[in-house]
Each structure stands twice: as structure tokens, then as C-alpha cells.
Amino acid sequence: MGVLDSTDIVIFGQAAVDPPVRLSIEAGARFSATRIASVRLLLAHLDQAARTAFLKRKARAEPVPDSAELDRLRVGGFCFAHEESVRGVADVAVPVGNLDVSVLAALTVPVLSPSSPQAFTKRALPFLCAAADAIAKHAGLKSGTDERA
């Protein structure tokens with residue numbers, strides 16, 4: 001799970017898993033790439049002024065997503081990035097927080113590139129959204145009656 005810090009994303013938590021292959025990013029790692037699913041998703045949930053300021057700062061150093069793409073991500077409720085940051089790896093990210101008020105973090109699952117990204121996303125999203133909602137509720141960011149669209 002990660003949060004925006006200035007123009008970077010900082011990873012502050014990771015769940016340990018024990019499958020045959022493990023993709024890992026250590027807590028405390030910092031990334032600046034806007035092609036990372038969690039960064040784009042968090043950008044999508046910034047207010048317009050903060051989003052514009054962020055994109056102006058980043059545009060000097062790397063390509064940035066356009067406002068229409070970020071609007072689609074906000075409405076869609078998740079971001080899927082296929083081999084955009086690491087070859088052979090895909091990321092699915094969902095927002096953590098009260099979607100009507102404030103998104104504070106993104107919960108992201110990296111996977112080896114699936115043969116069918118759409119099928120993988122359809123299978124993974126309900127579990128990822130449920131985990132993000134449980135984190136938000138435990139942190140007091142949403143009530144038990146808040147629902148994702």
C-alpha cells in the first residue's frame with residue numbers, strides 16, 4: 001500500500017505471501033514514475049488544483065497522464081497497468097479511503113503478467129476492493145454503510 005508524498009509514492013505496507021514466485025517492494029521504497037498504477041489512481045482522486053500542480057511538476061521529468069485518463073480512472077474505481085513499470089509484471093490498484101470525501105492511499109497487487117488481463121482484473125477486483133474497504137473502515141475513514149459503485 002502506498003501514499004503520495006510530494007511527487008513520489010512511498011510504500012508503507014506490504015503483506016507477506018508464500019507462493020512459488022513472490023513480487024516484493026519493501027516498505028519505505030519511493031517511486032516517482034507516473035506510469036505506476038497506484039500513482040495514477042491517487043492522482044485521479046486529487047482535487048483539480050492539486051492534480052494540476054502535481055502534473056506540472058512531473059511533466060518536466062517524465063510523461064504524465066492526461067486529465068481525461070485520470071477522470072476515467074476515478075470513475076472506474078481502479079487502475080490496471082500492464083508491463084508499464086517492469087517488463088513481465090502487471091499491477092492492479094484500488095483506492096483506500098472514503099471515495100466521496102478523500103482517498104488517502106492505494107492498495108496495489110503486482111502479478112506476473114496474466115495471459116488475460118481483463119479476466120484477471122475481473123477476478124481480482126472484488127477481493128482487492130473488499131481488502132481496501134476493510135482497511136479504510138478499520139482506519140476510521142469510512143462507515144460500514146459506505147459502498148463502492
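Let's start at His45, which sits in the loop between α1 (37–44) and α2 (48–59); helices here are DSSP runs of H or I with at least four residues, strands are runs of E with at least two, and both are numbered from the N terminus. This is a predicted model, so local features need pLDDT of at least 70 and side-chain atom pairs count only at pLDDT 80 or more, while totals for chains, interfaces and linings use all residues. Residues are numbered from 1 along each chain as its sequence is written, and side-chain values use heavy atoms, with hydrogens and water left out.

Is His45 buried or exposed? At 12% relative accessibility, His45 is buried, given that buried means under 20% relative accessible area, exposed over 50%, and partly exposed in between (1.4 Å probe, protein chains only). Setting aside neighbours within four places in sequence, His45 is in contact (heavy atoms within 4.5 Å) with Arg74, Pro95, Leu99 and Val103.

Now for the nonpolar core, meaning a set of buried Ala, Val, Leu, Ile, Met, Phe, Trp, Tyr and Cys residues joined through side-chain atoms within 4.5 Å. The largest one has 17 residues, and Val39, Leu43 and Leu70 have the most contacts inside it. At least two residues of this core come from each of α1, α2, α3 (67–76), β4 (79–82) and β6 (102–112), with α1 giving the most, six residues. Leu43 touches Leu4, Thr34, Arg51, Phe54, Leu55, Pro65 and Leu70, not counting residues up to four places away in sequence. There's also a second, separate core of 16 residues, including Met1, Phe80, Ala105 and Ala132.

On to the strands: β5 (residues 89–98) runs antiparallel to β6, pairing over 10 bridges; strands count as paired if DSSP finds at least two bridges between them. The two form a hairpin with three residues between them, and Asn98 stands opposite Ser102 in β6.

What about charged pairs? With a salt bridge taken as a side-chain nitrogen of Lys or Arg within 4 Å of a carboxyl oxygen of Asp or Glu, the count is two. Arg40 pairs with Glu69, their closest N and O atoms 3.2 Å apart. That links helix α1 to helix α3, across 29 residues. Arg40 is buried at 7%, whereas Glu69 is partly exposed at 22%. The other salt bridge joins Arg51 and Asp71 (2.9 Å, N to O). Arg51 lies in helix α2 and Asp71 in helix α3, so this pair ties together parts 20 residues apart in sequence. Here Arg51 is buried, at 2%, and Asp71 is partly exposed, at 38%.
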